[in-house]
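Subject: Structure for your files

Hello,

Here is the structure you will be working with.

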Amino acid sequence: MTPIRVGLLGLGVVGGGTWTILERNREEIARRAGREIHVTCAAVRPQDLEKAAAKTGGRITLYTDPMQVVQNPEVDIVAELMGGIHPALELVLEAIAQGKHVVTANKALLALQGNDIFKAARTRGVMIGFEAAVAGGIPIIKALREGLTANRIEWIAGIINGTSNFILTNMRDRGESFASALSQAQALGYAEADPTFDIEGIDAAHKLTIMAAIAFGIPMQFERAYTEGISRLTAQDIQYAQEFGYRIKLLGITRRTPRGIELRVHPTLIPEKRLIANVDGVMNAVLVKGDAVGTTLYYGAGAGAEPTGSAVIADLVDMTRMASAEPGHHVPHLSFQHDQMHDDQVMPVSEIESSYYLRMSAVDRPGVLAEVTRILADLGISIEAMLQREPPAGEQRVDVIMLTHSTLERHIDQAIAQIEALQSIAGPVTRIRMESLSA
Ligand code: HSE
């Protein structure tokens, strides 16, 4: 069989990793795919031409105009590994128009433009592979799209941004500053070009949007996702959470409820005994709850050259195996047949139900706690645990931390507004959502 021909858009961290693995495991991969997978050309930035030529030993054609890869008759599959929305969107749409299959690691592109991209691909009868877009090397797309098709998926909760997990781990274990942990993650090639995507939860929300679409058979609804990052978390809250037996992780959570779909990324207290609470450093993990299988956990490297290259190649192999199949026999992009998608809406975060960690600074005098608990009781919010610290010598204020039972977010919003208005409470109340993640 003649080799299948791949054109790479980008030969940086992910493109470079893809190249390295294809070189090292060429034979093994061909034995699985049924044909050899040949990279015939790549597009790189002008300043990277020399480095790219050295990496590829002058054996492939290098272009600085990515359109030359996309329109190249020597290319069957375009691998878009450059990131960003423009010109990635135009290049992907052109590749589809040319009848080429597309592999992409671009989670932002799919979360924002996926509905249009999949529609165009379906019309043209080509495949879009995006395993590398979510949780790097973890085959979570394959698991959701194929391995778990028997299940009604109930919820997914994941640590799906390695950079923020690395920062949280280093802040907790080494007492490192936020800034120093971030620059280390950047030096290791884990962070996005714009690190606010990592620390403000946007990158995680892109990935979560994609997983929710596959899990529930709904369109991408990134614009409805609730996104809160880790930049306002304090070492103090991490410490208090530990005293209650919890870890704080940046979690992406999507859940099907009778009132709609939850789609939210935020720092979350999780019991330290859960396996996922012990996923540290740059590693990712995704918990999926299906009605038949129960809770399953997927763990691995969520970023980096070879882990992400591994996911790119998994898609290249799938496409190679299916290259001669009728389009109707392709695995549907979002697992559900396209005419069987539902339009369930993502709910506003005020409508979710959760438990909460609340920290407030209170004047140390009789009756203050009674005022706070009265507000909570009037809103039907039940307190699960409470901690009050003896004030340091000479201090008038004490930290009071409360964990609540599950309640509506809008009730907690009301409670916080009323507590903050009390004369005996100084400054804002810190609120962090909690999840038990029990089976
Ligand atoms: N910036 C991402 C992360 C890379 O830190 O997880 C993989 O998408």
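A word on naming: helices here are DSSP runs of H or I with at least four residues, strands are runs of E with at least two, and both are numbered from the N terminus. Please keep in mind that this is a predicted model.

The cavity

By the rule used, there is 1 cavity of 30 Å³ or more. The space in the largest cavity comes to about 50 Å³. L168, T169, R172, I238, I248, K249 and D280 line the largest cavity. Two elements, α8 and β9 (246–257), each contribute at least two residues to that lining. The biggest contribution is from α8, which gives 3 residues. By type, the lining of the largest cavity is made up of 3 nonpolar, 1 polar and 3 charged residues.

The ligand

- E192: an N or O atom in its side chain is 2.6 Å from a nitrogen atom of the ligand.
- K207: an N or O atom in its side chain lies 2.8 Å from an oxygen atom of the ligand.

How much of the ligand does the protein cover? On its own the ligand has 260 Å² of accessible area, and the protein covers 92% of that.

The pocket

Where does the ligand sit? The space that the ligand takes is the largest pocket. About 1300 Å³ of space lies in this pocket. Its lining consists of 49 residues, and those nearest the centre of the pocket are V13, V14, L81, M82 and G83. Sorted by type, the lining of the largest pocket has 22 nonpolar, 16 polar and 11 charged residues. Several helices each supply at least two residues of this lining: α1 (13–24), α3 (49–55), α6 (107–124), α8, α10 (196–199) and α11.

The backbone

The peptide bond from H86 to P87 is cis, and its omega is near 5°. P87 belongs to the loop between β4 (77–80) and α5 (88–97). The other place is A135, which is not a glycine but has a positive phi of about 60°. A135 lies in the loop that runs between β6 (128–129) and α7 (140–147).

Regards

Key:
Residues numbered from 1 in each chain as written. Predicted model: local features only at pLDDT ≥ 70, side-chain atom pairs only at ≥ 80, totals over all residues. Heavy atoms only, no water. Polar contact = N/O pair within 3.5 Å; in protein donor to acceptor, adjacent residues only side chain to side chain. Areas by Shrake-Rupley, 256 points an atom, 1.4 Å probe, with all protein chains shown as cover. 1 Å grid on protein atoms, 1.4 Å probe; cavity = no way out; pocket = protein on both sides within 12 Å on 5 of 7 lines; lining within 4 Å. Sits in = over half its atoms within 2 Å of the grid points. Points joined across faces, edges and corners; volume = space filled by probe spheres on them. Nonpolar A, V, L, I, M, F, W, Y, C, P; charged D, E, K, R; others polar.
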